[in-house]
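Subject: Structure for your review

Dear colleague,

Please find below the structure that I am handing over to you. My findings follow directly after it.

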Amino acid sequence: MPLLRADNLTKRYPGGVLALDDFTLALEPGLIGLVGANGAGKSTFIKILLGLLQPTAGSVSVLGLDPTSDPIAVRQRIGYLPEHDCLPSDQSAADFITHMARISGLPQNSARERAAEMLRHVGLYEERYRLMDGYSTGMKQRVKLAQSLVHDPALLLLDEPTNGLDPNGRDEMLDLIKRTGEEFGISVVVSSHLLGEIERVCGYLVSIDNGKLVHSAAIGSFTAETAVLAVEVDEGAEALAARLTSAGLEVRMDARGGLHIGMPDERPYDLVRDMVAELGLPLVRVQRTRQRLDELFRAPEPTTAATAAREEG
Amino acid sequence: MATAAQGAAGTIYDIGYQHYDGPRLGRPYAIRSLLLHGIGVVFGVGRGPRARLVPIVLTIIAILPAVIQAAVTAYAGEAVQLVGYADYFVQLSVIYVLFCAAQAPELVSADQRSRSLVLYLARALRRDDYVLAKLFALAVGVFALALGAQLVLFTGRVLGSLNAWEALRYEAPQLAPIFGVSALVSLVLASLSVAIASLTPRRALATAGIVGFFILSSAMAGILREAIEGAWDRWLTLLNPFIAVGGVSNWIFEAEPGPNSPLARLDLPGWAYAGACLTYMALAMGILWVRYRRIDA
């Protein structure tokens with residue numbers, strides 16, 4: 001049974017905005033990254049999975065259940081972390097998570113125990129009786145994660161969980177998500193507009209742009225084809241690029257004159273060495289790196305209308 | 001716990017994750033939990049002394065006249081009648097309005113302000129469940145205030161008389177109306193207040209809105225009372241929810257409105273007041289229905 005599937009899922013908001021456009025997808029359990037620019041349709045997709053939004057057309061199933069017809073059954077098995085602030089400031093984290101556990105159907109005693117356990121899991125055990133208005137953004141994000149986990153869901157939907165965190169907090173949150181997914185056997189869908197984060201945490205990647213599915217594949221399959229040889233020379237970069245291209249390699253020059261050469265095999269090493277020697281160029285750097293995933297996903301020639309829409313969103 | 005104590009704030013401890021395989025009680029339990037939590041919010045339970053101050057002070061003020069009446073009855077007998085069962089709500093309407101105006105925003109505006117509403121809606125609840133649980137939480141609060149005062153009156157009349165047993169038998173038939181009218185007044189006030197409060201995430205604005213609504217409606221009814229000449233325009237005074245509630249109260253208790261009561265000159269049939277009360281509740285439910293359909297979760 002797939003974790004979730006969407007068939008020709010379409011969502012058009014009353015205002016006419018097309019948030020999801022004929023979205024078809026099937027995902028197996030695991031750690032899944034959902035990547036797209038702001039306004040690409042990530043949050044809309046997550047809310048449809050939760051049964052909070054009704055799709056305009058198409059069908060969707062989560063854990064074998066249909067959130068449009070049986071949202072309660074689906075929500076009992078899902079944990080959700082919204083992208084915006086959602087914590088009352090005048091309660092302690094312990095009280096709030098206990099309350100949320102009860103709303104999820106846990107009896108009072110279990111609710112209190114689970115709340116304490118989850119707050120320990122996210123590293124807030126010591127502070128759990130403090131009112132949340134004194135919490136930092138990082139602590140609030142942890143409380144949000146704890147409330148999504150408190151009823152032991154089979155699937156976590158995390159909408160931009162690193163929003164507003166500093167680099168350190170970002171790292172800790174990503175580690176926490178990775179552990180939650182890998183060690184606890186809970187499937188996780190993490191949305192982010194930063195590919196680097198998804199690459200670190202997830203084993204599977206779904207990218208979405210303007211409500212359309214762009215890619216859906218295991219991360220490994222991307223990293224294999226994204227190996228790149230970065231070459232920097234002080235002068236003559238154009239000449240070198242031309243020679244390498246004529247030798248059948250894929251070469252791209254960045255704004256500072258650095259060359260990025262596709263690495264289907266080991267051949268570019270020798271070719272670069274020979275050609276730099278032939279042309280007598282001052283070589284600064286030869287380094288095997290990885291192409292950024294977002295460059296991979298960038299549509300070849302986005303239409304101006306699509307670009308404008310994305311910038312507005 | 002030694003390692004926990006040594007760790008810096010925010011460190012993540014690896015003690016392993018336990019799956020939960022206990023009971024999951026589902027939607028009815030979720031609704032009940034939200035209702036109980038809401039009743040706690042209404043009386044400021046577990047939320048610091050500042051949150052408790054307003055409900056406690058208002059509860060005392062709401063019941064105090066009944067205590068005084070009970071004491072007076074005990075000393076002077078039936079002769080001195082300050083407040084009675086039927087006109088209690090109308091006499092103390094300001095207190096009930098203030099109670100609702102203070103606590104309805106805590107119940108519904110606060111969840112919109114903190115945007116925690118979506119956390120409820122992403123759980124085993126429907127939107128209607130959420131709304132009804134919040135509404136009934138406030139209704140239970142008002143009901144407790146109303147019923148408490150009425151029962152104090154009742155107790156005063158029974159214990160203040162020479163033969164308590166006789167008095168109990170004489171007063172007992174009032175118990176059903178006491179419960180009925182308390183339930184009615186609490187449902188009318190709570191539904192209107194929660195509906196108004198649900199329209200804004202800002203608590204202060206919601207409080208002002210609720211007070212404003214009740215002041216405006218009673219001012220309007222007051223003006224119309226002065227202008228009562230014809231046969232039909234006295235019906236317009238039903239625009240004041242307290243006229244409607246007071247009318248039903250008199251109807252149920254089979255009491256005559258006092259000479260100073262705005263109800264005295266209206267002389268509308270009891271079902272008219274009851275109809276007005278039902279209309280108010282329907283209106284409030286309609287507002288809530290539309291509001292929570294449209295609200296962005």
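In chain A, 51% of the 313 residues are buried, where buried means under 20% relative accessible area, exposed over 50% and partly exposed in between, with a 1.4 Å probe and protein chains only. The model is predicted, so local features need pLDDT of at least 70 and side-chain atom pairs count only at pLDDT 80 or more, while totals for chains, interfaces and linings use all residues. Residues are numbered from 1 along each chain as its sequence is written, chains are lettered from A and ligands numbered from 1 in the order in which they are written, and side-chain values use heavy atoms, with hydrogens and water left out.

Chain A as a whole

Chain A holds 12 helices and 13 strands; these are DSSP runs numbered from the N terminus, with helices being H or I of at least four residues and strands E of at least two. The C-alpha trace of chain A spans about 75 × 45 × 35 Å along its principal axes. Of the contacts in chain A with a separation of 6 or more, 67% are between residues 24 or more positions apart, a contact being heavy atoms within 4.5 Å.

Strand β7 of chain A

Strand β7(A), residues 187-192, is mostly covered, with 6 of its 6 residues buried. A:S187, A:V189 and A:S191 point one way from the strand, and A:V188, A:V190 and A:S192 point the other way. Strand β3(A), residues 31-35, runs parallel to β7(A) and is joined to it by 5 bridges (strands pair if DSSP finds at least two bridges between them); here A:V35 stands opposite A:S192. Strand β6(A), residues 155-159, is likewise parallel to β7(A) and joined to it by 5 bridges, and A:L156 stands opposite A:V188. From β6(A) the chain crosses through helix α6(A), residues 167-184, to β7(A) in a right-handed β-α-β crossover, that is, one whose path from the first strand over the helix to the second runs clockwise with the strands pointing away from the viewer.

Helix α3(A), residues 93-103, is largely enclosed by the rest of the structure, because 10 of its 11 residues are buried. These buried residues pack against α4 (108-121) and α5 (137-149) of chain A, together with α2 (26-42) and α6 of chain B. Just after α3(A), A:G105 takes a positive phi of about 100°.

Between the two chains, 49 residues of chain A are in contact with 42 residues of chain B. The area buried between them is about 4,000 Å², of which carbon and sulfur atoms give 56% (the accessible area, 1.4 Å probe, that two parts lose on being put together, summed over both). A:I72, A:R102 and A:I103 supply 15% of the area that chain A buries against chain B, more than any other three residues.

Two residues of chain B

B:S114 is found in the loop between α5 (93-113) and α6 (117-121) of chain B, and counts as buried because its relative accessibility is 13%. Its side chain makes a polar contact of 3.0 Å with that of B:S116 (a pair of N or O atoms within 3.5 Å; within protein, one must be able to donate a hydrogen and the other to accept it, and residues adjacent in sequence count only if both atoms are side-chain atoms). Leaving aside neighbours within four places in sequence, B:S114 is in contact with A:D85, A:C86, A:L87 and A:P88.

B:R127, in helix α7(B), residues 127-160, is buried, with a relative accessible area of 18%. A polar atom of the B:R127 side chain lies 2.9 Å from the backbone oxygen of B:Y292.

Yours sincerely
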